[in-house]
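Start with the overall outline, and leave the details for later.

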Amino acid sequence: MYTLLIVDDDPAIVSLLTCSFRKSYQIISALNGIEAITILNKQPIDLIICDQEIPDVNGMEVLSYALKVQPDAIRILLTGGYIHVDDLLKYINEVNIYKYFKKPWSQADLKLSVARALESLDLKRDLREARDLFESACKDAVVMLCLAAEGKDQDTASHLQRVQNYTEALAIAMGIGKKEAEHMGLMSMLHDIGKLAVPDEILKKPGKLTDEEWDVMREHPMAGVRILSSNPFYEVAREVSAGHHENFDGTGYPNNLCGEETPLSARIVKLADVFDALTTKRPYKEAWTMADAVDYIESFSGSMFDPTIVEKFKMLHLDGTLERIKLSA
Ligand SMILES: [Fe+2]
Ligand SMILES: [Fe+2]
């Protein structure tokens, strides 16, 4: 059942509104602004009907507060009579009220407005739920794909998780917003998904690869692009797969892209991937110390790696972020 908060300093109005809505909704009332704010802090409200002229904290402040702490709650304003046009504009533009009723209002109109507003609230919540479900299904698909690819390559789940976290931290350091950085981190896990298309004899060959075998190996970035669907959700994953072996000076593969021709996401993941490979034990090598790995990355700044990203990376080393990520995964 929806919860309505009625705020008015006139007990007769509170009781009139309570009587007409209590059959369909749970009603909570407040006779002043402080009381209304206390209620808003304590429990979820679906719709608030608030008088403009109430003692202490006025209607504008109560509805602004509601917008801040419970932004989904529908806000309806009641006014006793004259309201200055500037104030009304503020209610509409800043407090984002759903409707404005002037006393004496038509009870039928108010009821209809409340019902419609709650219908739209329902729709909004359903939409959000569907979006969350879709997002988590897409994230699960990434993890499932990585799990399916595990064992095919030396890239373990913990390597992928660290690359994800280094990528996210580097993206934020490069000025990318939190949500986009998080997405880039998730997509970084798919950087080597194209290795699914490389035969095991090549991928797991203990000795050196022949030139022909290297040719096959070098196909994995574009094989990854083919595996990843054309869905926009995976766009960054396609960028990362295609570009994580390109070098900043144009000597990488598969397309010899130079500098910013390689998307930023791939330039970031390249560094994260190499750094993690250096600092972890692999069958063919011991783990490097973090300081040695940072020196190595720095020595290839401008050739293998984007110098701007290397600078941010050094900052993350100095402030302990890299260390924290390494220890956490
Ligand atoms: Fe790769
Ligand atoms: Fe990797």
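This is a predicted model: local features need pLDDT of at least 70, side-chain atom pairs count only at pLDDT 80 or more; totals for chains, interfaces and linings use all residues.

The protein holds 15 helices and five strands. Its C-alpha atoms fill a box of roughly 90 × 35 × 35 Å along the principal axes. How does the radius of gyration of the protein compare with that of a compact globule of 329 residues? The globule would have a value near 20 Å, whereas the protein has 29 Å.

Now look at how the chain is divided. Domain 1 covers residues 3-125, and domain 2 covers residues 150-328. Between the centres of domain 1 and domain 2 lie 53 Å, taken over C-alpha atoms.

Next come burial and contacts. Of the 329 residues, 32% count as buried. Consider also the contacts between residues at least 6 apart in sequence: 61% of them join residues at least 24 apart.

Let us move on to how helices pack. Two packed helices are described by the angle between their axes and the distance between the axes. Take helix H12 (residues 264-279) and helix H13 (residues 290-299), whose axes come within 9 Å and cross at roughly 140°. Because angles over 145 degrees would count as roughly antiparallel, this angle makes H12 oblique to H13. The crossing of H12 and H13 is right-handed. On the H12 side, the residues that meet H13 are Leu271, Val274, Phe275, Leu278 and Thr279, and their partners in H13 are Met290, Ala293, Tyr296 and Ile297.

A second pair is helix H7 (residues 178-188) with helix H11 (residues 235-243). Their axes are 9 Å apart, and the two helices pack at an angle of about 55°. That angle makes H7 oblique to H11, and the crossing of H7 and H11 is right-handed. Here His183, Met184, Met187 and Ser188 of H7 meet Val236, Ala237 and Val240 of H11.

Finally, find Glu119, which sits in helix H5 (residues 107-149). Is Glu119 buried or exposed? A residue with 12 or fewer C-beta neighbours within 10 Å counts as exposed, and Glu119 has 10 of them, so Glu119 is exposed. For a sense of distance, compare Glu119 with Ser64: the two are 55 residues apart in sequence, and their C-alpha atoms are 22 Å apart in space.

Technical notes:
Residues are numbered from 1 along each chain as its sequence is written. Chains are lettered from A and ligands numbered from 1 in the order in which they are written. Domain bounds come from an automatic or database domain assignment. Helices (H or I, at least four residues) and strands (E, at least two) are DSSP runs, numbered from the N terminus. A residue is buried if 20 or more other C-beta atoms lie within 10 Å of its own, exposed if 12 or fewer, and partly exposed in between; C-beta atoms are placed from the backbone. The radius of gyration is taken over C-alpha atoms; the globule rule is 2.2 Å times the number of residues to the power 0.38. Two residues are in contact if their C-beta atoms, placed from the backbone, lie within 7 Å. Axes are lines fitted to C-alpha atoms, for helices over the stretch in contact, and angles run from 0 to 180 degrees between N-to-C directions. Angles under 35 degrees count as roughly parallel, over 145 as roughly antiparallel, 65 to 115 as roughly perpendicular and the rest as oblique. A crossing is left-handed if the near helix is turned anticlockwise from the far one by less than a right angle, and right-handed if clockwise.
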